[in-house]
Amino acid sequence: MSTAPAGRPCEGLSVVEVAVGTSDLGLGLAGGVPGMIFADLGARVARVVGTSAPAIDEHVAWGEVWHRDKQLVVTDDADEIRALLRGADVAFVYGPEALVERRGLGHLDLQAANPGLVYARCRPSRTSKGLGEDFGLLVEARAGFCTQLAGHRPGPIFVDAQASGSGTAFLLTTSALALLRRRVETGTGGWAETSLYDGLLSTLGCMIGRSERAATEIESYWEKGSTFPNFLYRCADGELLQVWFGGKGMYSRLIDVLGDTPSDEGYYADQMTGALNERARRWRSPFALRPREDWLNRLREAGIACEPVLRPGDALADPHLAEVGLAVTRSESGRRDVVVGSPISVRPVRPAPADGAPAASAAGTSGRLLRGVRVLDFSAFVAGPLGAQILADLGAEVVKVEPPEGEAMRAAAYAVAACQRGKRSLAMDLGAPEARPVVERLIRWADVVVHNFRVGVAERLRIDAETVARLNPRAVYCHASAFGPTGPRAKYPGNDALMQALTGLEQAVGGTGNDPVAPTWIPLDVSGGWVAATGILAGLYARESTGCGQRVATSLLGAGMLLQSGVFQRDGERVPTPSLDSTQTGYGPGYRIYAGGDDRWFALVLPDRAAWARLRELTAPAAGGLPESYAPLRGGSDDASARRAESVLEAVFAAAPAAEWVARLRAAGLLADLIEPLDRDGFRRAVLDDPVNRQLGRVASYEVADWGWFEQIGALPRYGPTGVDADPVTPMLPGVGEHSVAVLTDLGFPPAEIDALLAAKAVRQA
């Protein structure tokens, strides 16, 4: 068992992925990215697969990136797999119970031989509807996710946002790192479990909530969704441009550049009255008059954030990505590949002590993985605050520092609800001279300091990495920036919409040949929060192992590129990967959604040749034109057969209701799930009112001062073994400055000094 990394935080660790009986296409990022991140952080990673690979993966190139730098072990021998796991520090285990627990590969089976093993299990998804197989499409269809985004035609669409796979990858990785940190303190490992359904929920925190008496506009968002315009424009050369003006002064500057009527009320007022939507519509005309490159230059000169809308993988050619390590060139077998690099940088603040002494134990027997860890959260908006909230969900004590009037996203209450749970709020003017002693005492108090200010702002506020290292050499310092801390784009502003455009997500979801479609639940901001939490946990593990403080850098750009990391370039060309068709139904006849004769829809997965043969038999003679050769995906060696099969099956399935087809397909042993036609309110009720979700802690319910009883997606990590926790995490949503006096008291400030800070308005108590 390894304990002390040197250099990269996970050096010396042995990681084993057990992925027998699973599919790269079905699991998506969940099946390979946790191991890839550990390898990028220095671990030795072995990947165990069965002797018979899933046929549907034959033309899926994603694994060439996700499984790089891993030792491949091909075996069906459970004894051989157990032998590998006896010497492992971390195990990521996937697959149905018949291939895992029944073969002696569960955590309880392995614990006696390797008590230090950190075991992270991706189980089949379970809700009150029953168990779901490990294919992202089936999980998302059964959950109703396919109905939650308007596409280019009526009805549900295949939402190519990598939602379930990416969320599961984050849950597995953060859980494993948190367990590793606790192992340094206790000497024993532990287990964590999740599923593709949990992963889906982990991306939807800004989408699902329900309040008892919140203001009408807040509850309306939870019930009906956002009406905010996307600000996506086609230019004179036919190219698309994404614009964002949420930064200070950008709205008025954009109005001026476009020659529009000035706004008397301002950005937020125009948003509430609908004037902003009207402006967004009429701005289409001026944007259509100039080519995109001209607009990029004009808007950036005016200080307005904008990015080109690209396809997945196109951004790998941007020199900035190479400079910050997000585009990595690899030469193998005479080929030159450019792949997505690690979105996380973790390095020691200074050389580790000679004895490499770990920190004193703070975990004890508590069930909370981060019990005793203190987090100082200076961040705002979504990615930084969400990263800190994930640490709070794992048991850390988090103090959020925000301006006396509240951080900017307080105006968007649903985003605050999704990112601030479990924190204490200290409202303070960081620029006030009277506040400086408080800031310095907070930094000395903290184990983790996190912010997501634009490059240069932390230095001005004197909370930069060098200052923090001087005041607290053992702190883990995380800057979750937009484009990374260095490089030509370092000082550019960034947000979810801009990164969706640049990294290719909007194009992927729009489908081949269509205008882009932007997911409205800010998936890249959310992914940025999970990536930041992953980096911090890697830093905490390294700190506990070496006694040395760590500097962590993550970015929204890195998070966005990670979601598209299955796409890469070879010899200057994008390598073909599964891509969404123009009708937004899926990747091909064996992985897509179909309409029944009653205009209801269902999802179908044909993972192997046996399933293809059973479908031919089931649908004969009506499907006499269905090709005999297995061609489940478009773009492979038999693209023509795949496209012909889609046409045949579309006609066949239109002859009977969707529910009838699902019953017949399931009876024949085929993988199919009905898509419930849920509106936004129906979708949230399906999550919040599911009894299994409540039983497993997927739903958090608690009282909020302004909203009454509030329900939302809860803390999703499930882990053990746990002791009796005398101080369990209590869900709460802090008001602005609700805990200011309590935090100052805990820091040791006497009442007279606290009163002086309040009188000077350097600190506000709600």
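Q: Let us take buried to mean under 20% relative accessible area, exposed to mean over 50%, and partly exposed to cover what lies in between. On that basis, is S125 buried or exposed?

A: This is a predicted model, and in it S125 has a relative accessible area of 5%. That value is under the 20% limit, so S125 counts as buried.

Q: Where is S125 found?

A: S125 belongs to strand β6, which covers residues 125-127.

Q: Which residues is S125 in contact with, leaving aside its neighbours within four places in sequence?

A: The contacts of S125 beyond those neighbours are G130, L131, G132, D134, V139, S195, L196 and Y197. With Y197 there is a polar contact: a polar atom of the S125 side chain lies 3.0 Å from the backbone nitrogen of Y197.

Q: Turning to E219, where is that one, and is it buried or exposed?

A: E219 sits in helix α9, residues 216-224. Its relative accessible area is 15%, so E219 is buried as well.

Q: What does the side chain of E219 make a polar contact with?

A: The partner is the side chain of S211, at 2.7 Å. S211 is also among the residues in contact with E219 once neighbours within four places in sequence are left aside; the others are R210, A214 and R684.

Q: What about T273, buried or exposed?

A: T273 is exposed, because its relative accessible area of 61% is over the 50% limit. The residue is part of helix α11, residues 267-273, and its side chain reaches the backbone oxygen of D270 at 3.3 Å.

Q: What separation is there between the C-alpha atoms of T273 and E64?

A: These C-alpha atoms are 49 Å apart, and the two residues are separated by 209 residues along the chain.

Q: Changing topic to helix packing: how do the axes of α7 and α23 cross?

A: Two packed helices are described by the angle between their axes and the distance between the axes. For α7 (residues 163-186) and α23 (residues 523-546), the axes come within 9 Å and cross at roughly 20 degrees. An angle under 35 degrees counts as roughly parallel, and α7 and α23 are therefore roughly parallel to each other. Their crossing is left-handed.

Q: Which residues in α7 and α23 meet?

A: From α7 the contact includes F170, L171, T173, T174, L177, A178, L180, R181, V184 and E185. From α23 it includes S527, W530, V531, A533, T534, L537, A538, L540, Y541, E544 and S545. The residues of this contact comprise 13 nonpolar, five polar and three charged.

Q: On to the backbone: which phi does Q162 have, and where is Q162 found?

A: Most residues other than glycine have a negative phi, and most peptide bonds are trans. Q162, although not a glycine, has a positive phi of about 55 degrees. It is found in the loop between α6 (136-143) and α7, and at 17% relative accessibility Q162 counts as buried.

Q: And what is the phi of D69?

A: D69 has a positive phi of about 60 degrees and is not a glycine either. Its place is in the loop between α3 (62-66) and β3 (70-74). At 48% relative accessibility, D69 counts as partly exposed.

Q: Finally, is the peptide bond from G720 to P721 cis or trans?

A: That bond is cis, with omega near 0 degrees. P721 lies in the loop between β30 (718-720) and α30 (740-746).

How values were computed:
Residues numbered from 1 in each chain as written. Predicted model: local features only at pLDDT ≥ 70, side-chain atom pairs only at ≥ 80, totals over all residues. Heavy atoms only, no water. Axes fitted to C-alpha atoms, helices over the stretch in contact; angles between N-to-C directions. Helix = DSSP H or I, 4+ residues; strand = E, 2+ residues; numbered from the N terminus. Parallel < 35°, antiparallel > 145°, perpendicular 65-115°, else oblique. Left-handed = near helix turned anticlockwise from the far one by under 90°. Contact = heavy atoms within 4.5 Å. Nonpolar A, V, L, I, M, F, W, Y, C, P; charged D, E, K, R; others polar. Buried < 20%, exposed > 50% of the residue type's maximum accessible area, 1.4 Å probe, protein only. Polar contact = N/O pair within 3.5 Å; in protein donor to acceptor, adjacent residues only side chain to side chain.
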